[in-house]
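This briefing is meant for a reader who is meeting the structure for the first time. Please look over the sequence and the model below before reading on.

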Amino acid sequence: MAMAFKMATTGMWVTDECKNSFMEMKWKKVHRYIVFKIDEKSRLVTVDKVGGPGESYDDLAASLPTDDCRYAVFDFDFVTVDNCRKSKIFFIAWSPTASRIRAKMLYATSKDGLRRVLDGISYEVQATDPTEMGIDVIKDKAN
């Protein structure tokens, strides 16, 4: 039986798959990104899509729906000014303007619960359109 972590404030449950996929991304580097969605009927936060290590930030951005909310985590690799290779994990709260009000409210109230389960996030980005989560935004926060 799969375990789930209850988010007390919203009554949402985060599936084990979410946490396990995140740990694989964080420690084994087998995923570049993970997209999560909330199933309103079952009240579960589940994995919607996983991007392989060869996929890019553009692939993540292209995988987000234009009319529905999602959460995503992205493993951003970069080189610092002193030439050190680093990696930071970004949490992205995607809430496009065209999504339903109910979905926006559900995702907004459930976000902190999911973030608590995903240990090791460096930065958070909230976006309502692609320009608010462009790669330049990610690079600026990482440096």
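Helices (H or I, at least four residues) and strands (E, at least two) are DSSP runs, and they are numbered from the N terminus.

**Confidence**

- The mean pLDDT of the chain is 91, and 92% of the residues of the chain reach 70 or more.
- Among the elements of the chain, strand E3 (residues 33-39) has the highest mean pLDDT, at 97, whereas strand E1 (residues 4-7) has the lowest, at 54.
- Where pLDDT is low, the predicted coordinates should not be read in detail.

**Helix H3**

- The expected span of a helix is 1.5 Å times one less than its number of residues, so the 17 residues of helix H3 (residues 101-117) should span 24 Å, which agrees with the 25 Å between the C-alpha atoms at its ends.
- At Lys111, helix H3 bends by about 40°, and Lys111 is also one of the buried residues of H3.

**The largest pocket**

- The largest pocket holds about 160 Å³ of space, and its lining has 6 nonpolar, 3 polar and 3 charged residues.
- H3 gives the largest share of this lining, with 4 residues, and the residues lining the pocket include Lys104, Tyr107, Ala108 and Lys111.
- Strand E5 (70-79), strand E6 (85-94), H3 and strand E7 (123-127) each supply at least two residues of the lining.
- Also among the lining residues are Arg70, Tyr71, Ala93, Trp94 and Ser95, together with Gln126, Ala127 and Thr128.

**Residues with positive phi**

- Lys29, in the loop between helix H1 (16-28) and E3, has a phi near 60°, a positive value in a residue other than glycine.
- Lys29 counts as partly exposed because its relative accessibility is 39%, and partly exposed residues lie between the buried limit of under 20% and the exposed limit of over 50%.
- Arg43 is found in the loop between E3 and strand E4 (44-51), and its phi is likewise positive, near 60°, in a residue other than glycine.
- With a relative accessibility of 33%, Arg43 counts as partly exposed.

- Asp68 and Cys84 are 16 residues apart along the chain, and their C-alpha atoms are separated by 38 Å.
- Asp68 counts as partly exposed, since its relative accessibility is 22%.
- Phe74 lies in strand E5 and, with a relative accessibility of 4%, counts as buried.
- Between Phe74 and Ile38, which are 36 residues apart along the chain, the separation of the C-alpha atoms is 18 Å.
- Asp119, in the loop between H3 and E7, is exposed, because its relative accessible area is 51%.
- The C-alpha atoms of Asp119 and Lys26 are separated by 9.3 Å, although these residues are 93 residues apart along the chain.

Notes
Residues are numbered from 1 along each chain as its sequence is written. This is a predicted model: local features need pLDDT of at least 70, side-chain atom pairs count only at pLDDT 80 or more; totals for chains, interfaces and linings use all residues. Side-chain values use heavy atoms; hydrogens and water are left out. pLDDT is the predictor's confidence in each residue, from 0 to 100. The bend at a residue is the angle between axes fitted to the seven residues ending there and the seven starting there. Buried means under 20% relative accessible area, exposed over 50%, partly exposed in between (1.4 Å probe, protein chains only). On a 1 Å grid over the protein atoms alone, a cavity is a set of points where a 1.4 Å probe fits but cannot get out, and a pocket is an open set with protein on both sides within 12 Å along at least five of seven lines; lining residues have an atom within 4 Å of a point. Grid points are joined across faces, edges and corners, and a volume is the space filled by probe spheres set on the points. Ala, Val, Leu, Ile, Met, Phe, Trp, Tyr, Cys and Pro count as nonpolar, Asp, Glu, Lys and Arg as charged, and the others, Gly among them, as polar.
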